[in-house]
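Please read the points below with the sequence and the model at hand.

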Amino acid sequence: MSNDEDAWGRLLLLHTRVEQELAKALQRKHGIGLSEYRALGKLAAAPKGELRMQELAEAVGLNQSSVSRMVARLEDRGLSVRDLCEDDRRGVYSVITEAGRARHDEVETTYRTTLTAALDKAGADPSLAAAIASVRTA
């Protein structure tokens, strides 16, 4: 195995461990999925609090059908709404609501605390030390 392959494998292992910790914490403490939290964050940071569905899919790393289902869950909870693009009636936006902003803010502390703890925990594995250091200095 080359150095690049080995380093990539360690990075993937770190990613998997941290993502699992984040997903468990957000679901257990707030009843929200990791992708949903990230989508709310992307929407909250976007101009006018809205993104085209395709932009949102790219921003959170989901395919079109997965992001449509996720947005439907957010809408069911009153955290976002869909809106048609005025310039192009085929374009659909997801727009964060005030409840969505509040929910994102509520969950953000858990996300940050869990991320730090997950990186610290993964740091017990010496083979991941370089990957963790890279993440923390980036």
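Does K48 count as buried or exposed? The first point below gives the answer, after two remarks on the source. The model is predicted, so local features need pLDDT of at least 70, side-chain atom pairs count only at pLDDT 80 or more, and totals for chains, interfaces and linings use all residues. Residues are numbered from 1 along each chain as its sequence is written, and side-chain values use heavy atoms, with hydrogens and water left out.

1. K48 counts as exposed, at 73% relative accessibility (buried is under 20% relative accessible area, exposed over 50%, partly exposed in between, with a 1.4 Å probe and protein chains only). K48 is found in the loop that joins α2 (34-45) to β1; helices (H or I, at least four residues) and strands (E, at least two) are DSSP runs, numbered from the N terminus. The phi of K48 is near 65°, a positive value in a residue other than glycine. Most residues other than glycine have a negative phi.

2. The model has an open sheet of three strands in the order β1-β3-β2, with antiparallel pairing (two strands pair if DSSP finds at least two bridges between them). β1 (50-52) and β2 (80-84) stand at the edges, each with a single partner strand, so one side of each has no neighbour in the sheet. On average, neighbouring strands of this sheet are turned by 30° against each other, direction ignored; axes are lines fitted to C-alpha atoms, for helices over the stretch in contact, and angles run from 0 to 180 degrees between N-to-C directions.

3. Three bridges link β1 to strand β3 (residues 92-96) in the antiparallel sense. The bridge partner of L51 in β3 is S94. S94 is buried, with a relative accessible area of 0%. Not counting residues up to four places away in sequence, S94 touches L43, G49, E50, L51, M53, L56, V71, S80 and V81 (contact means heavy atoms within 4.5 Å).

4. G91 lies in the loop between β2 and β3 and is buried, with a relative accessible area of 5%. Leaving aside residues up to four places away in sequence, G91 touches R52, D83, L84 and C85.

5. Helix α3 (residues 53-60) lies across β1, β2 and β3, and runs at about 95° to β1. The axes of α2 and α3 come within 10 Å and cross at roughly 120°. That angle makes α2 oblique to α3 (under 35 degrees is roughly parallel, over 145 roughly antiparallel, 65 to 115 roughly perpendicular, and the rest oblique). In this contact, S35, R38, A39, K42 and L43 of α2 meet L56, A59 and V60 of α3.

6. Helix α1 (residues 3-30) packs with helix α5 (residues 98-122) at an angle of about 140°, their axes being 9 Å apart. By class, this contact of α1 with α5 has eleven nonpolar, three polar and five charged residues (Ala, Val, Leu, Ile, Met, Phe, Trp, Tyr, Cys and Pro count as nonpolar, Asp, Glu, Lys and Arg as charged, and the others, Gly among them, as polar). The α1 residues involved include L14, V18 and L22, and those of α5 include V107, Y111 and L115.
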